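Here's a quick walk through this protein, from the overall make-up down to one pair of residues. Have a look at the model first.

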Amino acid sequence: GTVEQIDGNLAAERGLSTFDIRHQMRIFSMYELPFGQRSRWANHGWAEHVFGDWRLLNIFTWQTGTPFTALLGGTASDNGTGANFSLRAEQLGNPNAGICGGSPLNFFNTAAFGLPPADASGNPTYGNERRGAIEGPCTLSWNTSIAKTFRFGPERRHMLNVQWQIQNVTNTPSFNGLGTIFGSSFFGQVTSASSMRTMSLMARFNF
């Protein structure tokens, strides 16, 4: 998403990769509920068939965000030599507000950017902002599912797999868009978020 600002000047493009995720923590757990055969409760009869062998799966993920680059809007004459809207802002300080950013309306320090200074002839120059200077929002995700396999038929060869999945159990918003056009009314603000909590029920019959 961030194109070359000055054609041929690759040294000015050194910075964080667009896919850079600096910190990530994942926790997986699989728990078989204490019902059914060889368990303390519901270990015989119809109760075993209904409540036994249910499996609970949890996947918890927390990670820091991918980087963004502040760009300048304007006319086509202000687009640098790379492509449309490739001209970057002048970086005056550190734009990042902590490891996961600030509030949705003031996610990063917008005062850390300014217009590139003009040269002696009054023409605009290229901004000195490094590629990926803005650290994106963190992501928190907790997904869970509960599943059971019912076996029946001759020699119990038929199987019915039932699974209830919940994505984003805590219904925590994960921001995935930032206003990065310098001078825009949305500059420094969160502009989009990923989907909220969803549920799905799946049944698969093997025969």
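The protein has 13 strands and one helix; both are DSSP runs numbered from the N terminus, with at least four residues (H or I) for a helix and at least two (E) for a strand. Along the sequence the pattern goes β-α-β-β-β-β-β-β-β-β-β-β-β-β. Bear in mind that this is a predicted model, where local features need pLDDT of at least 70 and side-chain atom pairs pLDDT 80 or more, while totals for chains, interfaces and linings use all residues. Residues are numbered from 1 along each chain as its sequence is written, and side-chain values use heavy atoms, leaving out hydrogens and water.

Of the 207 residues, 30% are buried, meaning under 20% relative accessible area with a 1.4 Å probe, counting protein chains only.

Five strands line up in the order 1-2-8-9-13 as an open, antiparallel sheet, where pairing takes at least two DSSP bridges between two strands. Strands 1 and 13 are its edges, each pairing on one side only.

Here are some of its strands:

| Strand | Residues |
|---|---|
| Strand 1 | 24-32 |
| Strand 8 | 139-152 |
| Strand 9 | 158-167 |
| Strand 13 | 198-206 |

Strands 8 and 9 run antiparallel and are joined by nine bridges. Which residue in strand 9 is the bridge partner of Ile146? That's Trp164.

Technical notes:
Buried < 20%, exposed > 50% of the residue type's maximum accessible area, 1.4 Å probe, protein only.
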